[in-house]
Amino acid sequence: MEHEHADPVSARRRRRVLITGAGGQLGRALQEAFADDDLVPLTREEWDVSMPPGDVVRGDFDLVLHSAAWTDVDGAEADPQGAAAVNVGGTAHVASLARSLGAPLVAFSTDYVFDGRKGEPYRESDGPSPLSAYGRTKLHAEAAAGPDAWVVRTSWLFGPTGHNFVRTMLRLGAERDEVAVVDDQRGCPTYVGHLATAVRGLVDEDLPRGTWHLAAAGDCTWADFAEAIFEEAGLATRVRRVTTEELGRPAPRPAYGALRSERPGAPVLPHWRDGLRDCLEALEVPASGR
Ligand SMILES: NC(=O)c1ccc[n+]([C@@H]2O[C@H](COP(=O)([O-])OP(=O)(O)OC[C@H]3O[C@@H](n4cnc5c(N)ncnc54)[C@H](OP(=O)(O)O)[C@@H]3O)[C@@H](O)[C@H]2O)c1
């Protein structure tokens with residue numbers, strides 16, 4: 001009988017999945033990780049989430065992945081209300097839509113909800129205390145997502161598209177002999193492809209809702225990360241290690257933001273260095289230096 005050999009994955013019903021912020025680096029990775037579902041990816045042009053959806057979103061959905069956000073951390077210090085309109089108001093609109101559709105919601109948050117003073121990995125049960133306007137909007141956004149959502153806190157995202165540290169370092173590394181990089185902030189640089197796969201695991205296994213810490217294994221400083229990028233890409237660029245104070249950015253950032261999960265069955269992500277290699281491969285950076 002044909003059915004005896006049916007692959008359980010392909011036999012699964014395709015879900016109808018709404019993705020906000022579909023043009024962002026995580027939004028794109030989610031589209032790849034959920035490629036065997038029916039996707040409705042909406043960019044900012046299609047749905048500005050700071051406004052209610054109106055009639056932009058039609059039909060039934062089985063899942064909502066909310067990756068739209070104001071992610072300009074320094075810009076949020078200058079315009080906290082603008083950041084809140086997108087992060088808090090936007091999440092409230094998305095959560096209300098998901099509730100009305102009866103569809104579970106995945107919302108994304110950040111290690112910047114912590115102040116970094118703990119000095120060892122943050123678990124889900126640790127109390128947040130954001131230092132920046134961006135961190136405060138993301139903490140309020142977690143509440144706006146509601147208790148029935150999966151709230152995924154992650155950190156230092158990078159991928160083959162969009163604005164991120166890896167792409168910036170590759171550009172600077174091609175132009176300069178030396179780059180000044182902060183060496184007193186430690187975190188878990190997380191490859192969006194690995195995060196998207198972990199999110200898929202969370203949803204497919206229907207793990208309990210609530211807050212989940214999903215970030216790459218291992219941790220490092222931005223300067224360590226920059227050195228690894230140059231090394232893996234075969235660039236001779238030197239890293240000059242500087243302090244956060246020397247760089248003088250507008251928004252305060254936690255000195256230590258490593259995230260680990262204390263929840264049973266939490267998906268485990270690969271090491272950040274494996275994420276970096278996968279990202280360089282996706283960017284088709286020649287492996288000669290690796
Ligand atoms: N990036 C990180 O290091 C990091 C770390 C921890 C957590 N996170 C969280 O992870 C999630 C995904 O971040 P990401 O790195 O993928 O960010 P991203 O690349 O900046 O993508 C965010 C997307 O949201 C869109 N967007 C901005 N305002 C919008 C609005 N009003 N309505 C609809 N879309 C809007 C952006 O469009 P435009 O490009 O046109 O503005 C962009 O396409 C966010 O919740 C973020 O807070 C990010």
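Figure 1. A search of the whole structure, which is a predicted model, finds one cavity of 30 Å³ or more. The volume of this largest cavity is about 70 Å³. Its lining is made up of His66, Ala68, Ala69, Thr91, Ala107, Phe108, Ser109, Lys138, Ala141, Glu142 and Val151. Sorted by class, the lining of the largest cavity holds six nonpolar, three polar and two charged residues. Two elements, strand E4 (105-110) and helix H5 (133-145), each contribute at least two residues to the lining of the largest cavity.

**Figure 2. Strand E4 and the burial of its residues.** Strand E4 is mostly covered, as six of its six residues are buried. In a regular strand, side chains alternate between the two faces of the sheet. In E4, Leu105, Ala107 and Ser109 point one way, while Val106, Phe108 and Thr110 point the other way. The residues of both sets are buried. Ala107, Phe108 and Ser109 are also among the residues that line the largest cavity.

**Figure 3. The strands that pair with E4.** Strand E3 (residues 63-66) pairs with E4 in the parallel sense, over three bridges. In this pairing, Val64 stands opposite Leu105 of E4. E4 also pairs in the parallel sense with strand E5 (residues 150-154), here over five bridges. The bridge partner of Phe108 in E5 is Val152. Together, E4, H5 and E5 make a β-α-β unit, which is right-handed.

**Figure 4. The second largest pocket.** This pocket has a volume of about 200 Å³. The elements that give two or more residues to its lining are helix H2 (25-33) and helix H7 (192-204). The lining of the second largest pocket consists of 13 residues, and those nearest the centre of the pocket are Arg28, Ala29, Glu32, Pro160 and Tyr191. H2 provides the largest share of this lining, namely five residues. By class, the lining of the second largest pocket comprises seven nonpolar, four polar and two charged residues.

Figure 5. Ser67 is found in the loop between E3 and helix H3 (73-78). Ser67 counts as buried because its relative accessible area is 16%, which is under the cut-off of 20%. A polar atom of the Ser67 side chain lies 2.6 Å from the backbone oxygen of Thr20.

**Figure 6. Two loop residues with positive phi.** Most residues other than glycine have a negative phi. Trp156, although not a glycine, has a positive phi of about 45°. Trp156 belongs to the loop between E5 and strand E6 (157-158). With a relative accessible area of 9%, Trp156 is buried. Asp206 is likewise a residue other than glycine with a positive phi, here near 50°. Asp206 is placed in the loop between H7 and strand E10 (210-213). Asp206 counts as exposed because its relative accessibility is 52%, and the cut-off for exposed residues is over 50%.

Key
Residues numbered from 1 in each chain as written. Predicted model: local features only at pLDDT ≥ 70, side-chain atom pairs only at ≥ 80, totals over all residues. Heavy atoms only, no water. 1 Å grid on protein atoms, 1.4 Å probe; cavity = no way out; pocket = protein on both sides within 12 Å on 5 of 7 lines; lining within 4 Å. Points joined across faces, edges and corners; volume = space filled by probe spheres on them. Helix = DSSP H or I, 4+ residues; strand = E, 2+ residues; numbered from the N terminus. Nonpolar A, V, L, I, M, F, W, Y, C, P; charged D, E, K, R; others polar. Buried < 20%, exposed > 50% of the residue type's maximum accessible area, 1.4 Å probe, protein only. Pairing = 2+ DSSP bridges. Right-handed = clockwise from strand over helix to strand, strands pointing away. Polar contact = N/O pair within 3.5 Å; in protein donor to acceptor, adjacent residues only side chain to side chain.
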